[in-house]
Amino acid sequence: MLGVKRLNNLYRNTVPGYQGRGTVPAIVDLSTGKVVNNDYHTLPYDLHTAWAPLHSPTAPDLYPHGLRPAIDLLYQQIFDDVNNGPYKILFAGSPDAARVAKNIFEARLADYDQRLASRRYLFGAQLTDSDVRLFQTLLSYDRGYRPGLPPESGTPLAISSFPHLWAYARELFSIPGFADEAEKIAAGVLPEADGTYRYGFASARVRLTEGETVLTSWQEPHHRETLRGSPLASGPGGAGTEQYWSWLASTI
C-alpha cells in the first residue's frame with residue numbers, strides 16, 4: 001500500500017535525510033506516506049479525541065472529559081513506576097539501584113492491588129486509558145521481564161502475588177481488543193504455528209490430543225463482575241478524595 005519495505009523509509013518521507021531509528025508505534029498518513037505521530041505518550045489521546053468520530057458506536061469512552069486531568073496524572077505514575085519499572089531494574093547502574101527500582105515497582109503494584117480491591121477498574125466502574133496502559137506491563141511482566149531480573153535485586157514477586165491486581169488483569173485479558181493474537185499465543189491461549197501451546201512461564205511446549213482443550217491461568221474466572229467503586233472517593237489504594245481533586249475543577 002505504501003510501497004516501502006522498511007519503516008525508516010516512512011521517516012525519511014517525513015524528514016528528508018533522516019538518519020535516526022524508525023520507532024513504533026507510528027501513525028502514517030496513507031495519502032502522503034509521512035509519519036504524523038510516533039509519541040507513545042500522546043498518541044492514545046489523539047485516538048481517544050481526534051479519532052472519536054471514527055469509533056464504533058459501541059466503543060467505550062476511554063478518555064472521559066470529566067476524568068481527563070486525573071487520568072493524565074495517574075498516567076505519569078503508571079509510566080514512571082510500572083511501565084518503565086522493569087527497565088529501571090534491568091538497566092540499573094548498581095545492585096543497590098536495582099533493589100531500589102524493584103522495591104518501587106512492587107510497591108506500586110501493591111498500591112494498585114489495594115485500589116482494585118474495591119474498584120472494578122482504576123477509575124471505578126468505567127474502563128479508561130489508564131487500564132489500557134497498565135495492562136500492557138501486567139501482561140508481559142511475568143514471562144518477558146521477571147525471569148531476567150538480576151538476582152542481586154532480590155527474588156521478584158509475580159503479578160499473581162497481588163490477588164486483586166491479578167484478577168483485574170485476567171478480566172482485562174478476557175475483553176476483546178486488550179490482547180492481540182501474538183499476545184494470546186505468548187500466554188498459551190492460542191497455538192503456535194506448529195500447533196503446540198506455550199505452557200506456564202517457561203519455554204516448554206505441549207501438543208494437545210484430539211478433544212483436549214487448553215486452560216491457562218489467564219483464563220481462570222476473575223469474579224470481579226459485582227465491583228463498582230467511585231473514581232474519586234477515598235478508599236484502598238489512595239485514589240484520592242473529591243476535595244483533593246477540587247483544584248482541577250477549573251480545567252475540566
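Figure 1. Read along the sequence, the protein chain runs α-β-β-α-α-α-α-α-α-α-β-β-α. That pattern holds nine helices and four strands. Helices (H or I, at least four residues) and strands (E, at least two) are DSSP runs, numbered from the N terminus. This is a predicted model, in which local features need pLDDT of at least 70 and side-chain atom pairs count only at pLDDT 80 or more, while totals for chains, interfaces and linings use all residues. Residues are numbered from 1 along each chain as its sequence is written, and side-chain values use heavy atoms, with hydrogens and water left out. Of the 252 residues of the protein chain, 37% count as buried. Buried means under 20% relative accessible area, exposed means over 50%, and partly exposed lies in between (1.4 Å probe, protein chains only).

**Figure 2. The largest nonpolar core.** A nonpolar core is a set of buried Ala, Val, Leu, Ile, Met, Phe, Trp, Tyr and Cys residues joined through side-chain atoms within 4.5 Å. The largest one here has 42 residues, and those with the most contacts inside it are Leu-122, Leu-134, Leu-165 and Tyr-168. Helices α3 (68-83), α5 (95-115), α6 (129-145) and α7 (163-174) each supply at least two residues of this core. Helix α3 gives the most, with seven residues. What does Leu-134 touch, leaving aside its neighbours within four places in sequence? Leu-134 is in contact (heavy atoms within 4.5 Å) with Ile-78, Val-82, Tyr-112, Leu-122, Leu-165 and Tyr-168.

**Figure 3. Where α5 meets α7.** The axes of these two helices come within 7 Å and cross at roughly 75°. Axes are lines fitted to C-alpha atoms, for helices over the stretch in contact, and angles run from 0 to 180 degrees between N-to-C directions. Helices α5 and α7 are therefore roughly perpendicular to each other, a label for angles of 65 to 115 degrees. On the α5 side you will find Leu-109, Tyr-112 and Asp-113, which meet Pro-163, His-164 and Leu-165 of α7.

Figure 4. The whole structure contains ten aromatic pairs. Rings of Phe, Tyr and Trp (its six-membered ring) pair if their centres lie within 6.5 Å; planes under 30 degrees apart count as stacked, over 60 as edge-to-face and the rest as tilted. The ring centres of Tyr-87 and Tyr-145 are 5.3 Å apart and the planes are at 75°, so this pair is edge-to-face. Tyr-87 lies in helix α4 (residues 85-90) and Tyr-145 in helix α6, so the pair ties together parts that are 58 residues apart in sequence. Is each tyrosine buried or partly exposed? Tyr-87 is partly exposed at 34% relative accessibility, whereas Tyr-145 is buried at 18%.

Figure 5. Trp-166 and Trp-218 have ring centres 4.9 Å apart and planes at 75°, so they form an edge-to-face pair. Trp-166 sits in helix α7 and Trp-218 in the loop between β4 (205-206) and α9 (242-245), 52 residues apart. Both Trp-166 and Trp-218 are buried.

**Figure 6. Thr-155 in its loop.** Thr-155 lies in the loop between α6 and α7 and counts as exposed, at 71% relative accessibility. Leaving aside neighbours within four places in sequence, Thr-155 is in contact with Lys-102 and Glu-106. Thr-155 and Lys-102 are 53 residues apart in sequence and 9.6 Å apart in space, C-alpha to C-alpha.

Terms used: Angles under 35 degrees count as roughly parallel, over 145 as roughly antiparallel, 65 to 115 as roughly perpendicular and the rest as oblique.
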